[in-house]
Amino acid sequence: MTAQPPPGLQQSHVAATRWHESGFAATGAAAFDALWGELAPVGRHARTGGYRRFAWTAADAALREWFVGAAQRRGLDVTSDRAGNLWAWWGDPDADGPGLVVGSHLDSVPDGGAFDGPLGVVSALAALDVLRAAGRRPRRPLGVAVFSDEEGARFGVACAGSRIITGALPADRARSLTDADGTTMAEAMAAGGHDPHQVGPDAETLRRIGTFVELHVEQGKGLVDEEHGEGAAVGVASAIWPHGRWRLDLRGRADHAGTTRLADRDDPMLALAAAVATARSAAERHEALATIGKLRVEPNGVNAIPSAVTAWLDARGPAERGVRSVVAAVGAAAGADPVEESFTPATDFDVVLRDRLAVLLGEVLFGDAGRPAPVLPTGAGHDAGILSAAGVPTAMLFVRNPTGVSHSPHEHAETDDCHRGVAALARVVEELG
């Protein structure tokens with residue numbers, strides 16, 4: 001940063017009390033609240049209170065329009081890459097070298113919470129407002145990213161936008177992915193105004209990213225746990241567990257529920273039941289997590305024995321060997337070979353960057369350079385993990401979640417913790433930018 005630091009941002013030490021007494025903290029809080037209020041109604045389901053913000057839908061288009069408008073009001077230049085991810089730049093990463101990028105995603109799981117993804121995007125824009133209010137200008141280009149289809153709720157592959165541009169998801173496979181109605185990703189992209197023929201690895205976009213920092217609501221209770229979270233509103237990610245999604249194709253024979261003897265039935269729901277029970281027991285044995293949360297039943301009639309069941313297994317854990325053992329056990333119990341739809345190995349974030357941010361945020365959170373912010377792993381996948389695996393220096397910040405609930409309308413973060421997240425991110429941007 002070229003300008004002299006204002007009060008509350010002196011040198012490299014920002015005590016929490018001094019920060020929150022400064023006008024710059026109020027600027028960040030006000031910016032966050034205004035942006036959050038604008039975004040809150042988009043894609044919210046009136047009955048469940050959850051969000052249905054799926055990729056390449058009308059809700060997604062509204063989210064993109066909101067982001068472009070918010071970025072342009074701040075004088076940022078907005079571009080789209082080959083996968084439809086959005087990038088808003090303060091400065092020119094092509095002329096002035098790779099930049100610092102912050103941001104996250106805006107899409108959701110079915111009936112998801114408000115914070116997963118949008119918290120990082122809103123906080124990034126608010127952090128820029130803090131820096132501007134403080135009269136600071138970054139030494140290198142500063143970008144805010146919105147990744148497309150991070151949740152994979154519509155087409156089944158998580159982090160599709162970042163996987164496409166890094167080459168982790170082949171272009172032909174991405175275009176051919178289908179949703180529950182049989183619409184391909186290519187068709188959905190075209191309807192959303194993005195040329196699917198452009199889809200593919202994007203070296204030009206990746207060259208613009210010198211460092212990526214993603215702020216996200218914590219999807220667990222690590223920061224609530226006093227032993228590990230130390231009462232901190234914000235923590236730093238150490239790693240992402242290995243995780244993946246597998247499909248189970250279970251076949252049977254359709255028949256009448258009221259006339260077919262039990263001994264004569266070929267009911268794939270029994271195989272499904274075995275798979276669900278084994279997912280739990282195998283996960284416990286291997287200290288992993290496993291979930292069957294999505295099904296497709298044919299013909300899906302109350303009085304009809306199914307002819308086929310398709311089930312999706314999500315498995316993750318601290319060790320890849322344990323995860324794959326769970327998947328094998330579930331497949332054996334169901335009598336089917338699990339089809340791997342996506343898998344991400346363990347991702348360790350840049351250690352030097354991680355430790356640097358932990359010390360920096362210790363000063364922001366505790367006013368104590370000798371007390372670093374908590375550092376903790378996560379079982380949740382993120383675009384940050386995909387970029388890290390592709391060689392981009394990457395870090396993540398987590399904002400405390402008081403209940404640990406996520407992917408649910410009950411997902412929550414306290415407003416004051418969100419404001420502290422903005423303060424933390426602004427300090428990170430000041431330091432790294």
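User: What should I know before we start?
Analyst: The model is predicted, so local features need pLDDT of at least 70 and side-chain atom pairs count only at pLDDT 80 or more, while totals for chains, interfaces and linings use all residues. Residues are numbered from 1 along each chain as its sequence is written, and side-chain values use heavy atoms, with hydrogens and water left out.

User: OK, at what angle do H3 and H4 pack?
Analyst: Helix H3 (residues 58–73) and helix H4 (residues 118–133) pack at about 10 degrees, with their axes 11 Å apart; helices here are DSSP runs of H or I with at least four residues, and strands are E runs of at least two, numbered from the N terminus. Axes are lines fitted to C-alpha atoms over the stretch in contact, with angles from 0 to 180 degrees between N-to-C directions.

User: Which residues meet there?
Analyst: Trp66, Phe67 and Ala70 of H3 meet Val121, Val122 and Leu125 of H4, where contact means heavy atoms within 4.5 Å.

User: Switching topic, is Ser104 buried or exposed?
Analyst: Ser104, which lies in strand E3 (residues 99–105), counts as buried because its relative accessibility is 0%; buried means under 20% relative accessible area, exposed over 50% and partly exposed in between, using a 1.4 Å probe and protein chains only.

User: And what does Ser104 touch?
Analyst: Leaving out residues up to four places away in sequence, Ser104 touches several residues, including Val121, Phe147 and His216.

User: Last one, what comes after H11?
Analyst: Gly335 follows H11, and its phi is positive, near 70 degrees.
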